[in-house]
Amino acid sequence: MIKAVRGFKDVLPEDTVYWRYLEEEARTLFESFGFREIRIPVLEKLELFQRGIGSTTDIVEKEMYVFEDRNGELLALRPEATAGVARAFIENSLHMKDPVNKYYFFGPMFRHERPQAGRLRQFHQLNVEAYGVKSPSLDAEIMAMLHMLTQKLKIDDALHLEINHIGCPQCRPIYRDILINFLNNQKEKLCKDCKRRLEKNPLRVLDCKKEGCKNIASQAPQIIDYLCDQCKDYFDKTLDYLAVSEVPFVINPMIVRGLDYYTGVVFELTTDELGAQNAVAAGGRYDNLMKELGGPDIPGVGFAIGVERTVALMKKRYTLEEETPLFFFAVMGEEAKRVALPLALKLRQEGVKCEMEHSDKSLKSQMRKANKLKVRFTVIVGEDEVRKGVLTVRDMEEKKQFEIQAQISELLKLAEAAR
Ligand code: HAM
């Protein structure tokens with residue numbers, strides 16, 4: 001028996017109802033904010049992620065699925081979508097038409113992390129990206145949209161919006177030096193990974209999940225105290241816009257994000273209900289990404305929601321069931337099938353969900369199936385019915401049985417009445 005690849009999971013029909021509900025709610029909401037759908041490839045050139053996400057990040061250093069194709073080109077399965085959507089925006093010259101543009105995107109991402117509950121190697125994200133404007137009101141609007149989606153999904157009670165500002169190319173290097181100084185004095189107590197991070201990416205030490213490092217991080221100087229006037233003003237305004245929009249949030253100076261493209265406001269939507277994998281969504285501003293990728297100097301802000309983690313919260317709160325068929329055709333014999341098949345086809349043409357039995361089972365076993373399917377009407381077609389040109393209909397809800405003419409109009413009348 002060949003099994004699925006470790007960390008890659010099937011989504012079965014019991015779960016796809018939740019996925020679809022989430023996607024439909026998200027689509028409607030994002031479009032009401034003016035976001036338009038974009039679709040990008042699963043594979044990109046490795047260089048896109050090295051330059052976009054940063055070659056010293058965990059994602060690029062340790063977690064990507066990289067391979068050489070038959071032409072010797074180095075490719076990677078996308079570990080995230082922000083770099084790819086930015087590439088598409090530049091490559092298709094969309095910025096020439098209008099540098100202000102908003103996109104949303106659904107799809108699978110791939111990271112070779114250690115699989116555990118809530119952490120997969122193929123997982124799915126809903127992404128939104130807004131280009132062309134750098135404004136605190138836009139950042140707040142994006143976070144408000146995320147909050148609104150969680151309200152629509154009735155999972156907002158499980159979530160905290162944590163927000164931080166990680167400075168700009170002017171003030172971040174100053175803070176970085178101060179942080180390196182502080183961490184160097186504690187170097188012996190840091191974990192092996194953080195000793196390495198200290199050299200390459202010191203802000204990431206603040207994000208380490210190990211107890212010892214967390215302790216040190218809690219005493220470290222905080223970036224908010226070292227923001228330049230412009231960044232401080234930007235952050236204050238963002239928080240004010242969130243407050244007047246009634247979006248609950250907490251400031252968390254430990255939110256630094258694991259991707260290098262971020263500048264300015266960053267945020268995570270976290271939960272206490274999913275164990276160690278507590279981030280359900282995350283995002284922030286990335287004003288230099290387009291330039292880094294060789295494109296125009298256009299700012300951006302966005303976020304991604306983890307679908308599996310969101311669905312896990314939905315399932316803890318309510319049950320969604322697949323739509324049941326309205327009719328089930330229980331048929332006895334080939335002549336009965338000749339009557340039932342065209343009727344069933346016409347019903348579907350009219351958008352009515354129905355099923356017909358194809359195996360030649362006894363009426364009793366077909367009735368059991370109708371019960372299991374939880375249909376409203378079982379339409380029985382046997383020799384008698386065929387001879388008389390009628391259908392015997394059993395209303396499973398009202399527990400009544402009656403005859404109708406074997407005509408599509410009669411079935412549609414029943415469907416209409418059952419709505
Ligand atoms: P990220 O924080 O790497 O950000 O991922 C966003 C979300 O994807 C996480 O909060 C989590 O819900 C989900 N996620 C990440 N890794 C896994 C995994 N291994 N298994 C299951 N779920 C996972 C980004 O990807 C940025 N591109 C977000 C962004 C968009 N920033 C601006 N625009």
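This is a predicted model: local features need pLDDT of at least 70, side-chain atom pairs count only at pLDDT 80 or more; totals for chains, interfaces and linings use all residues.
Colleague: In what order do the eight strands of the open sheet stand, and which are the edge strands?

Modeller: Strands of a sheet pair through backbone hydrogen bonds, either parallel or antiparallel. Here the eight strands follow the order β1-β5-β6-β11-β10-β9-β7-β8, with mixed pairing. Two of these strands pair on one side only, and these edge strands are β1 (36–37) and β8 (250–251).

Colleague: Which strands pair with β6, and over how many bridges?

Modeller: Strand β5 (residues 101–110) pairs with β6 in the antiparallel sense over 10 bridges, and Asn101 stands opposite Tyr131 in β6. Strand β11 (residues 300–306) also runs antiparallel to β6, with Val128 opposite Phe303 in β11.

Colleague: Why is strand β6 described as largely enclosed by the rest of the structure?

Modeller: A residue counts as buried when its relative accessible area is under 20%. Strand β6 spans residues 122–131, and it is largely enclosed because the number of its 10 residues that are buried is nine.

Colleague: Which strand is joined to β7 by seven bridges?

Modeller: Strand β7 covers residues 159–165, and its partner in this pairing runs antiparallel to it. Within the pair, Asn164 stands opposite Val266 in β9. The strand joined to β7 by seven bridges, at residues 265–271, is β9.

Colleague: How is the aromatic pair of Tyr261 and Tyr262 classed: stacked, edge-to-face or tilted?

Modeller: A pair of aromatic rings is described by the distance of the centres and the angle of the planes. The structure holds 13 aromatic pairs. For Tyr261 and Tyr262 the distance is 4.8 Å centre to centre and the angle between the planes is 55°. Both residues are buried, and their pair is classed as tilted.

Colleague: Which residues do ring pairs link into a cluster?

Modeller: One member of the cluster, Phe303, is the residue of β11 that stands opposite Val128. The cluster linked by ring pairs consists of Phe30, Tyr104, Phe106, Phe267 and Phe303.

Colleague: Which element gives the largest share of the lining of the largest cavity?

Modeller: A search of the whole structure finds two cavities of 30 Å³ or more, and the largest has a volume of about 70 Å³. The elements that give two or more residues to its lining are α3 (58–63) and α8 (192–200). The largest share is three residues, and the element that gives it is α8.

Colleague: Is Glu246, which has a positive phi, buried or exposed?

Modeller: Most residues other than glycine have a negative phi, and most peptide bonds are trans. Glu246 is not a glycine, yet its phi is about 60°; this residue is found in the loop between α10 (229–244) and β8. Its relative accessibility is 69%, so Glu246 counts as exposed.

Definitions and conventions
Residues are numbered from 1 along each chain as its sequence is written. Side-chain values use heavy atoms; hydrogens and water are left out. Rings of Phe, Tyr and Trp (its six-membered ring) pair if their centres lie within 6.5 Å; planes under 30 degrees apart count as stacked, over 60 as edge-to-face and the rest as tilted. Buried means under 20% relative accessible area, exposed over 50%, partly exposed in between (1.4 Å probe, protein chains only). Helices (H or I, at least four residues) and strands (E, at least two) are DSSP runs, numbered from the N terminus. Two strands pair if DSSP finds at least two bridges between them. On a 1 Å grid over the protein atoms alone, a cavity is a set of points where a 1.4 Å probe fits but cannot get out, and a pocket is an open set with protein on both sides within 12 Å along at least five of seven lines; lining residues have an atom within 4 Å of a point. Grid points are joined across faces, edges and corners, and a volume is the space filled by probe spheres set on the points.
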